[in-house]
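Q: Could you take me through this structure, please? I would like to begin with the terms.

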Amino acid sequence: QVHVVESGGGLVQAGGSLRLSCAASTRAFIPYDMGWFRQTPGKEREFVSAIRWSGGDTYYADSVKGRFTISRDNDKNSAYLEMHSLKPSDTAVYYCAADPPPFDRYPAGDPRKYDYWGQGTQVTVSS
């Protein structure tokens, strides 16, 4: 069983920055692909960004390219999402997800790829 926990959400003014963190706890080292999704009330969960377990490949939704940066620290089994130039439209609950091997069952942006999900952290961007 993998426990995924997000942190770092909060309230920020438009144009500001936040850094989200995600920790995946496991008993042994297992490489995970990790992803970030977000959701607002009444809408489907939306892909934001993803990173391969090796850190070598990253993926971004068009709406966040150039503003968000995903990274990871495998020593800590953690992933991070640096968010800059935030807009009110970025307001959502942000979820971190982990995909254990075997990988590539689904594309990085497909929520079905990920077996383990955190509880989410609220990001609110005021205008």
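A: A nonpolar core is a set of buried Ala, Val, Leu, Ile, Met, Phe, Trp, Tyr and Cys residues joined through side-chain atoms within 4.5 Å. Buried means under 20% relative accessible area, with a 1.4 Å probe and protein chains only. This is a predicted model, in which local features need pLDDT of at least 70, side-chain atom pairs count only at pLDDT 80 or more, and totals for chains, interfaces and linings use all residues. Residues are numbered from 1 along each chain as its sequence is written, and side-chain values use heavy atoms, leaving out hydrogens and water.

Q: Which residues touch the most other members of the largest nonpolar core?

A: They are M34, W36, F68, L81, M83 and Y94, in a core of 32 residues. Strands (DSSP runs of E, at least two residues, numbered from the N terminus) that each supply at least two core residues include β3 (18-25), β4 (33-39) and β9 (92-99). The most come from β9, which gives 5 residues.

Q: What does L81 touch?

A: Leaving aside residues up to four places away in sequence, L81 touches L18, R19, L20, W36, V48, S49, F68, T69, I70 and Y94. Contact here means heavy atoms within 4.5 Å.

Q: Now the whole chain: how many helices and strands are there?

A: The chain has 0 helices and 11 strands.

Q: How much of the chain is buried?

A: Buried residues account for 43% of the 127 residues.

Q: And what share of the contacts joins residues at least 24 apart?

A: That share is 57%, counted among contacts between residues at least 6 apart in sequence.

Terms used:
Helix = DSSP H or I, 4+ residues; strand = E, 2+ residues; numbered from the N terminus. Buried < 20%, exposed > 50% of the residue type's maximum accessible area, 1.4 Å probe, protein only.
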